[in-house]
Amino acid sequence: MILPNDFKSEYKEIEHEVQSKMKDFFAKGWYIMGDELKSFEQEFAIYIGQKNCIGVANGLEGLFLALKALEIGHGDEVIVPANTYIASVLAISQVGAKPVFVEPNMQTHNIDPSKIEAAITNKTKAILPVHLYGLISDMPEIMRIANKYNLYVVEDCAQAHGASINEQKAGSFGHINAFSFYPTKNLGAYGDAGAITTNDENLAKKIYQLRNYGSEVRYQNEIIGYNSRLDELQAAILRVKLKYLDSWNKKRRKAADSFKKEFSYKDWIFPLEPEGYYHVYHQFVVQSENREFDMKELESLGYKCLIHYPIPPYKSNAYNLLYKNHTFPIADMLSETVFSLPIHGKIWHSN
Ligand SMILES: *Cc1c(COP(=O)(O)O)cnc(C)c1O
C-alpha cells in the first residue's frame with residue numbers, strides 16, 4: 001500500500017548529508033539563532049527572489065506575524081479563500097481581524113479574483129491568497145486589485161515552495177509572505193518550522209523583532225514581541241533539503257503526469273496548470289462525483305487517498321456560529337468531491 005506520506009525514502013536519499021550536518025551541529029553546540037539560521041535565511045531569500053527571509057517557528061505564526069507587522073487587528077477585515085486549510089483563517093482571527101471568505105475558482109481551487117472586489121469594504125486591509133495544493137494563485141490580477149484599493153497582500157505559500165508564474169516564484173508577489181516547513185510540505189523540516197519573505201526592509205526589521213521578544217539587540221526590547229524562532233537544528237536540515245527542492249518538485253510533476261495517464265479513463269476533473277504557471281503538486285487533487293467509491297477502488301489498487309479538506313473553515317465548529325448566515329456553494333461542492341492521491345518519494349521511485 002502506498003501511504004499518503006513517506007518520509008523514509010526521502011531521508012534515504014539525503015541520509016549521509018544530514019548525518020554529517022548533525023555531527024557538525026552537535027560539535028558546535030549552538031542551538032538557537034546562529035549561523036545555520038542566518039545561512040538558511042540568505043539561501044531561501046535568494047531561492048524565492050526576495051531581499052529578506054526571516055525564519056519563524058511555523059507557518060501559522062509566519063502568517064500571524066506578517067499580519068501583526070502590517071498592524072492589522074481589531075476592526076479590520078482580511079479577504080481569504082473559503083476553501084483554504086484552516087490555518088490561513090486562524091492567523092487572521094489571532095490578530096483580532098475578521099476573515100472575509102471569497103469563493104475559489106472551480107478549476108484552479110484558488111481564490112477567484114473576479115469575486116474579490118465585491119468582498120472589499122472600507123474595513124478591508126489585506127488580501128491573503130493561498131496557493132492551494134502547489135498551484136500559485138493568479139497573483140498579477142490579485143496585485144492589480146490590491147493596488148487599486150490600496151490593500152496589502154500576504155501570500156500563504158505553505159503548499160507552494162518553488163511554484164511560479166512566468167518564473168516568478170510564490171512568496172515574491174505580496175508585500176509580506178509566509179511559508180511553512182511542516183514535515184509534509186514540499187520543503188519540510190524534521191519538526192515545526194516556517195519563514196517570512198519580503199522586499200520591504202521596514203517590515204523585515206519588524207519581523208526580526210516580533211519573533212524574538214521584540215528585540216534585535218539582546219536585552220533591548222523595542223516592541224512587545226513573541227517567541228517564534230526557527231531552530232538551528234531545523235535550519236541546518238532545511239539547508240540540506242533546499243538543494244533538492246527543485247529536483248523533488250520535478251519528480252512530483254512527473255508523478256502527476258503519470259497519474260493523469262493512468263487514470264485518464266476516469267471522469268474526474270484533474271488538476272489544472274494554466275499557461276505560464278509551474279505547479280509543484282503539494283497534493284494531487286481530483287474532483288469525483290463518486291468520491292467514496294473511487295477512494296475505495298484506489299485503495300484496492302494500492303493507493304491510500306486522503307481528503308483535503310472535508311470541511312470548509314466557515315463550517316467548522318470553530319467558526320460556524322460566526323458565519324451561520326453565509327454560504328459558499330463552490331467551497332462546499334469542492335469539499336464534497338475532492339480527494340488526493342499520494343504523491344511523494346515512494347511514488348517517484350516506482351516511476
Ligand atoms: C500547513 C499550512 C499552514 C500552517 O503551517 P504550520 O507550519 O503547520 O503552522 C498554513 N496554511 C496552509 C495553506 C497550510 O497548508
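Helices (H or I, at least four residues) and strands (E, at least two) are DSSP runs, numbered from the N terminus. This is a predicted model, in which local features need pLDDT of at least 70, side-chain atom pairs count only at pLDDT 80 or more, and totals for chains, interfaces and linings use all residues. Residues are numbered from 1 along each chain as its sequence is written, and side-chain values use heavy atoms, with hydrogens and water left out.

**Stop 1: helix α3**

Select residues 59-69, which form helix α3. At its start, a side-chain oxygen of Asn 58 comes within 3.2 Å of the backbone nitrogen of Leu 60. That pair is a polar contact (N or O atoms within 3.5 Å; within protein, one must be able to donate a hydrogen and the other to accept it, and residues adjacent in sequence count only if both atoms are side-chain atoms). Past the helix comes Glu 71, with a positive phi near 60°.

How many of the eleven residues of α3 are buried? Eight are, and the helix is mostly covered. Buried means under 20% relative accessible area, exposed over 50%, and partly exposed in between (1.4 Å probe, protein chains only). Among the buried residues are Gly 59, Gly 62, Phe 64 and Ala 69. To see what covers them, show β1 (52-56), β2 (77-81), α4, β8 (177-180), β9 (194-198) and α6 (201-210), which are included in the cover.

**Stop 2**

Two packed helices are described by the angle between their axes and the distance between the axes. Angles under 35 degrees count as roughly parallel, over 145 as roughly antiparallel, 65 to 115 as roughly perpendicular and the rest as oblique. Axes are lines fitted to C-alpha atoms, for helices over the stretch in contact, and angles run from 0 to 180 degrees between N-to-C directions.

Now show side chains. In the contact (heavy atoms within 4.5 Å), α3 supplies Leu 60, Leu 63, Phe 64 and Leu 67, while α4 supplies residues including Ala 87, Leu 90 and Ile 92.

Stay with α4, where Ala 87, Ser 88, Val 89, Ala 91 and Ile 92 are buried. Their cover includes α3, β2 and β3 (98-102). Just after α4, Gly 96 has a positive phi of about 95°.

**Stop 3: α1 against α7**

Select α1 (7-28) and α7 (232-262). They pack at an angle of about 155°, with their axes 10 Å apart, and that makes α1 roughly antiparallel to α7. Contact residues include Glu 10, Ile 14 and Phe 25 of α1, and Leu 233, Tyr 244 and Lys 251 of α7.

**Stop 4**

Go to Met 33, in the loop between α1 and α2 (35-48). Its phi is near 50°, a positive value in a residue other than glycine. Is Met 33 buried or partly exposed? Met 33 is partly exposed, with a relative accessible area of 30%.

Next select Tyr 281, in the loop between β10 (277-278) and β11 (284-287). Phi of Tyr 281 is also positive, near 45°, but this residue is buried, with a relative accessible area of 3%.

Finish at Tyr 309, in the loop between α8 (291-300) and α9 (329-337). A cis peptide bond links His 308 to Tyr 309, with omega about 10°.
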